[in-house]
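Here is a friendly walk through one protein model, going from the overall outline to a few individual residues. Have the structure open in your viewer as you read.

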Amino acid sequence: MAEIWKDIPGYEGEYQVSDMGRVKSLDRKIVQRSRWGTDFERTITGRILRPGQFCKNGHVSVVLKHGGIGKPVHQLVMRAFVGEPPEGMEVRHINGNPKDNRLENLCYGTRTENILDVYTQGKKWRALSLEDVYYIRFALFCGLSGRQIADYLGVSESTVSDVKRGRTYSWLK
C-alpha cells in the first residue's frame with residue numbers, strides 16, 4: 001500500500017505528513033536579502049524531517065520553520081488526516097508506543113482513556129501504578145503516616161499528599 005501524504009494545516013505548501021507518521025518539507029522558493037541589501041530568490045529542496053525526542057514521555061516532535069518550536073508528530077498526523085480534536089479530547093496511541101505515529105495507531109480520546117491505556121499495558125503513569133494508589137489510600141485509612149507510605153513506595157511525601165487530597169488520581173474510584 002502506498003504512503004499517503006497530506007498538507008499540515010497551517011503549513012500548506014511547505015510541510016506534509018504521511019499516514020505512516022513521517023513529516024517532510026516541500027520544495028519551495030524563499031526570498032532572502034544579501035549582505036549588500038538586495039533581495040534574491042533561493043530554492044529550498046524538500047526532505048524527510050528527522051524527528052527528535054523532546055518529551056520525557058517518549059513522544060517525538062519535529063521543528064517546522066527555522067527557529068520554531070517542536071510540534072508533536074502524532075498531533076500533526078491526526079490534524080491532517082482526521083481534523084481538529086473534539087472539545088476535551090487528545091490523541092491516544094492505541095498500542096501504547098509513543099514513537100509509533102502511524103494513522104492506524106492513533107485516535108482521539110479523553111485524558112482518562114489515555115491514562116487507562118497506559119495502565120492496561122502494564123506501565124506506570126508518572127511515579128505510581130494503580131496498585132500504588134490503592135495502597136496509599138488503604139494505608140492512610142489504616143493510619144500510616146504519609147512519610148511511612150512515601151518511604152515504602154520510594155516517592156516523595158508530596159506525591160502521597162496529592163493522592164490523599166485528590167489533586168492526583170481523583171478520577172480513580
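## Before we start

Throughout this report, contact means that heavy atoms lie within 4.5 Å, and a residue is called buried when its relative accessible area is under 20% and exposed when it is over 50%. Helices and strands are DSSP runs, numbered from the N terminus. Please keep in mind that this is a predicted model.

## The overall picture

The protein contains five helices and ten strands. Its C-alpha trace spans about 75 × 45 × 25 Å along the principal axes. The radius of gyration is 22 Å, whereas a compact globule of 173 residues would have one near 16 Å.

How much of the protein is buried? The share is 35% of the 173 residues. The exposed surface comes to about 11,200 Å², and carbon and sulfur atoms supply 52% of that area. Among contacts between residues at least 6 apart in sequence, 37% join residues at least 24 apart. As for charge, there are 27 positive and 20 negative side chains, and the centres of the two sets lie 5 Å apart.

## Helix 3 and its cover

Helix 3 takes in residues 130-141, twelve residues in total. From first C-alpha to last it reaches 17 Å, close to the 16 Å expected at 1.5 Å a residue. Its buried residues are Leu130, Asp132, Val133, Ile136 and Ala139. An α-helix has 3.6 residues a turn, so residues three or four places apart point the same way.

What covers the buried residues of helix 3? The cover includes helix 2 (111-120), helix 4 (146-153) and helix 5 (157-165). After helix 3 comes Gly143, which has a positive phi near 100°.

Helix 2 has buried residues of its own: Asn114, Ile115, Asp117, Val118 and Tyr119. Their cover includes strand 9 (90-93) and helix 3. Helix 2 is followed by Gly122, and here again the glycine has a positive phi, near 80°.

In sequence Thr120 is 24 residues from Gly96, and in space their C-alpha atoms are 9.2 Å apart.

## His74 in helix 1

Now for a residue earlier in the chain. His74 belongs to helix 1 (residues 73-81). His74 counts as buried because its relative accessible area is 6%. Which residues is His74 in contact with, leaving aside its neighbours within four places in sequence? They are His59, Val91, His93, Asn101 and Leu106.

Finally, look at the segment after helix 5, where Tyr169 is placed. Tyr169 is not a glycine, yet its phi is positive, about 60°. Tyr169 counts as buried because its relative accessibility is 7%, and the cut-off for buried is under 20%.

Methods
Residues numbered from 1 in each chain as written. Predicted model: local features only at pLDDT ≥ 70, side-chain atom pairs only at ≥ 80, totals over all residues. Heavy atoms only, no water. Helix = DSSP H or I, 4+ residues; strand = E, 2+ residues; numbered from the N terminus. Rg over C-alpha atoms; globule rule 2.2 N^0.38 Å. Buried < 20%, exposed > 50% of the residue type's maximum accessible area, 1.4 Å probe, protein only. Areas by Shrake-Rupley, 256 points an atom, 1.4 Å probe, with all protein chains shown as cover. Lys, Arg positive; Asp, Glu negative; His and termini not counted. Charge placed at Lys NZ, Arg CZ, Asp CG, Glu CD. Expected span 1.5 Å × (residues − 1).
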